[in-house]
Amino acid sequence: MTTTFPFEAETDSDQLKTVGTGAVRIDGVDKISGAAEFVDDIDFGPGLLHAAIVESPHAYARIVSIDTTEAEEAKGVVRVVTGEDFPYKFGMYMEDRYIFAQDHVRFVGEQVAGVIARSHRQAVQAAKLIKVEYEVLEPLLDPKSAVAEDANLIHPDLDDYAHVPWFFPKADTNIAHWRKIRKGDTEKAFAEADFVLEDTYTVPRYAHCAIEPHVTVSRLDHADRLTVWTASQSPHTQRHLFAEALAPLGFTHKDVRVITPYVGGGFGGKAGVSMEILGAAMATLVKGRPVKLRFTREQEFYNTYQRQGVVAELKVGVMNDGTITAVDHKLFWDAGAYVEYGANVVNAAGLSATGPYRVPNISNDSLCIYTNLPPGGPYRGFGYSEFHFGLESHMDRIAEAIGMDPVDFRRKNAIQEGDELSYGAHMNPSGMIEAIDKVAAAIEWGVEEETDNPNTVMSKGIACFWKAPAMPPNASSASFLKFNEDGSLNITVSGMELGQGYLTVMAQIASEILTVPVEKIRVETPDTDRNPYEWQTVASHVTWSSGLAVEKAAIEARAKIFDVIHQVYGFEDESLYLENEAVRCSTDPEFVKPLRDFVIDGIQTEEGTWRGGPIIASGKFMPEFTNANSDPETGQGGHPNVHYTVGCTGVVTEIDRDTGRVWVRKAALAVDAGRAINPDLVKGQIVGGLVQGLATVLYEDMRFDEDGKLLNPNFTDYKIPTAFDIPDEVVPIIVEVPQPDGPFGARGVGEHTMIAAAPVIANAVYNAFGTRIKSMPVTQEKIAMALLEKGSG
Amino acid sequence: MEFTVKVNGERWDIDAAPADVLLDVLREKIGVKSPKIGCERGDCGSCTILLDGKTVRSCLVLAVEVDGQEITTVEGIGYEGLSQLQDLFISNNAFQCGFCAPAIVLSATELLDSNPNPTRHDVQEALAGNLCRCTGYEPIIEAVLAAAEGGAK
Ligand code: FES
Ligand code: FES
């Protein structure tokens, strides 16, 4: 059985001109010339005020008192702000946060108060003068102790929190959400399996490390309109959450405007609302004055979203022929002090924790557990990178145990179109096996590599991945399109150009339909007053969803163009087509009407009157086949995910047997893009995402002390890759099994490219030395220690 | 304190406090915004400028120290039209979000000025002080190598 798609997009694409080409990015000159304006680059004149934040030094404490008198009198100070000014809750999927802490602080770095001053330096100085008295409480710093019977409750009022209907919080515990999947009969399947492997894998927290820090400038003008310029992936979602949180002050959506110029990297860290609400709220207290809040690199690490840690208990049963019969995956997430966004990471992982395999009997438990660490949240891969580490390590181990080649084992179980998913819906068309085969071929799987270096060992690894966009079932996108006098186009959308090339891809889609060259199309970054709605630029969904909205707008514009021609010349619409920016007619080969001749001024009829006028169009897309209603105890009954993107990663590594140093000599990554609207940009996602993924396994992790304080909040101690820390060679492979409802068959690839990077290294390390490392990261030290212990040296 | 500096060929007479950091003065007093604030402690390289032809991290330099010197940023490099290197950055997709790009162009320009035939390793070394979280560096390295070959690519 296959899923039916109510909306089948224009995929008749034998003759594509722009889609499928490496069109030059339309933001290229902006960004390479220095013209590209980021939030921090915008001038606000002499009235600009600066904000600084006072933060909790404790992981868990009761606020006894706050004394702001000295700060208020400090030089340059305009206003001091505390939780009393804004006793309002907010949250993306669950309202469990306050703008500034109220009576308790729940992680080191939580915002307790703020200062607005005339200069940045004055704000920072005055913030130091605010005296906060705390009663320190015992923090819970790991998920397993937070779910112990007698654990303190981090959120005693959990039961009262508003949340989306697909979350299932457990009152009087620290479990904010428990996603359960029960399918088939796992107990029976394990009993009947020829081989069962059970083990635990751990993954620490990670930081996004976009090079541009979070920054926001907010201004309440004298007409009570609040405008927020922000480095964000989510302009409309931010406007919505600002308007809702600040509604007690009298704001409606109309009064709040969010403008998002170019953003210097997001990776999920600039999705939803984090520090931006501090700036927005503070600005409401100093009418007429713009207020800038820019996080330092340190704050960036400890008080924006972090990727959550997880303890994964995995049990998989197989038959001797290699058929997977059962998976039991328990994921204990260290979700942090507030889970308003992070709980949906937990949900997404729970829905898909079998990985890209056909599994008849499933028991998944994904637990969102409050801890006294910084709030977890979205990070490229959205829970999938985390559980794939254990899952894809496990797959190799099982294959070895039953004497099967890991590539053959994965091929045998690879999920296919029509296979039933864990929640009962069916898998979309996908090129899983093609991806595996192409990666295996690219790294010459099965062929031994030689090295002249007696100290090093060559080895190979392979790992697969999948991921679905995680979003509300009705997350939607919209677009406006207008022609200009010369036949050029302006398109407005509200997806964000994060660097992935979104603006260019939207231009290519419109170009394909309207035959206007990409160079003549401007696609604007969002301003919520002017650009139409987009839920957020996350989940790798904008090529698909916003792409469909642009496709529909272009189709509507084309229909309007044909209608004008029909009115004036009488040709039937069906006989008309566009070619090289002109209307042509299949029944009259002589007929050519260039768009620039009429898309604004219309066409003059024989009697001298005019028809037509400015061609404008709009398009929207909302998936209408999804729903998030499912049985809380089994997860069955809904259709929460729109589709999955699948793929495979392989590496050839050289590892030093003394130092444990890993060199990735070659990496190959195949991802099923459905259709690559712009193959060059897809390759950019493959290389960039792979390197970001390799960093999580080889170099990075967040270290906290026993009091919950982050020990490495800077690039000296949290090392992200430099130009030296990359594979010698990356082979990007694009698989194209079209997505029936995607624009020209496209589906997203942005996050997927980092998902299998961690297990592929763990597998290569095992294949080199027979040493299985079950906790991330797999650093040089860890490998060297493991080899020492093993005495293999 | 008053001092004089040339920025992208223009002379500026600036009045700054002794503790003012060059990066802030460039961005706020001179209005040159391509050097970016990424870490303010010398780790990320996004504030890189050319000072008398040599790359420095402007977040680590006091403004008054550059009295009498000449600063070039990417606005100056591409003023008369993009340089060949900049064009190659575009055609190689050597940036995504673009936040790191102005600084990386300067590091690569300095390299090519002093070493017209760099190896891959030379390029990696020249760029090692500039963090890029988006591209995985590979396309940047390829763009610089292509520029060294005369942009034949
Ligand atoms: S801002 Fe100067 S090195 Fe990061
Ligand atoms: S392009 Fe985004 S940091 Fe380099």
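This is a predicted model: local features need pLDDT of at least 70, side-chain atom pairs count only at pLDDT 80 or more; totals for chains, interfaces and linings use all residues.
Local features need pLDDT of at least 70 and side-chain atom pairs count only at pLDDT 80 or more, while totals for chains, interfaces and linings use all residues. Residues are numbered from 1 along each chain as its sequence is written, chains are lettered from A and ligands numbered from 1 in the order in which they are written, and side-chain values use heavy atoms, with hydrogens and water left out.

A lining residue has an atom within 4 Å of a point. The pocket is lined by 40 residues, and His50(A), Ser119(A), His120(A), Arg121(A) and Arg294(A) are the closest to its centre. Both chains contribute elements that give two or more residues to this lining: strand S1 (49-55), helix H3 (120-127), strand S14 (291-294) and helix H8 (297-302) of chain A, and helix H1 (22-29) of chain B. Helices (H or I, at least four residues) and strands (E, at least two) are DSSP runs. By class, the pocket lining has 18 nonpolar, seven polar and 15 charged residues; Ala, Val, Leu, Ile, Met, Phe, Trp, Tyr, Cys and Pro count as nonpolar, Asp, Glu, Lys and Arg as charged, and the others, Gly among them, as polar.

Cavities are sets of points where a 1.4 Å probe fits but cannot get out; the structure holds 10 of 30 Å³ or more. The largest cavity contains about 610 Å³ of space. Of its 42 lining residues, Gln500(A), Ser540(A), Gln685(A), Gly750(A) and Glu751(A) are the closest to its centre. Helix H15(A) provides the largest share of this lining, three residues. The lining comprises 22 nonpolar, 15 polar and five charged residues.

The second largest cavity has a volume of about 140 Å³. Among its 16 lining residues, Trp166(A), Asn347(A), Leu351(A), Met471(A) and Pro640(A) lie nearest its centre. Here the largest share, four residues, comes from helix H9 (residues 342-352) of chain A.

In chain B, the axes (lines fitted to C-alpha atoms over the stretch in contact, with angles from 0 to 180 degrees between N-to-C directions) of helix H5 (residues 120-127) and helix H6 (residues 138-148) are 10 Å apart, and the helices pack at an angle of about 115°. Arg120(B), Val123(B), Gln124(B) and Leu127(B) of H5(B) make the contact with Glu138(B), Ile140(B), Ile141(B), Val144(B) and Leu145(B) of H6(B), where contact means heavy atoms within 4.5 Å.

Methods: On a 1 Å grid over the protein atoms alone, a cavity is a set of points where a 1.4 Å probe fits but cannot get out, and a pocket is an open set with protein on both sides within 12 Å along at least five of seven lines; lining residues have an atom within 4 Å of a point. Grid points are joined across faces, edges and corners, and a volume is the space filled by probe spheres set on the points.
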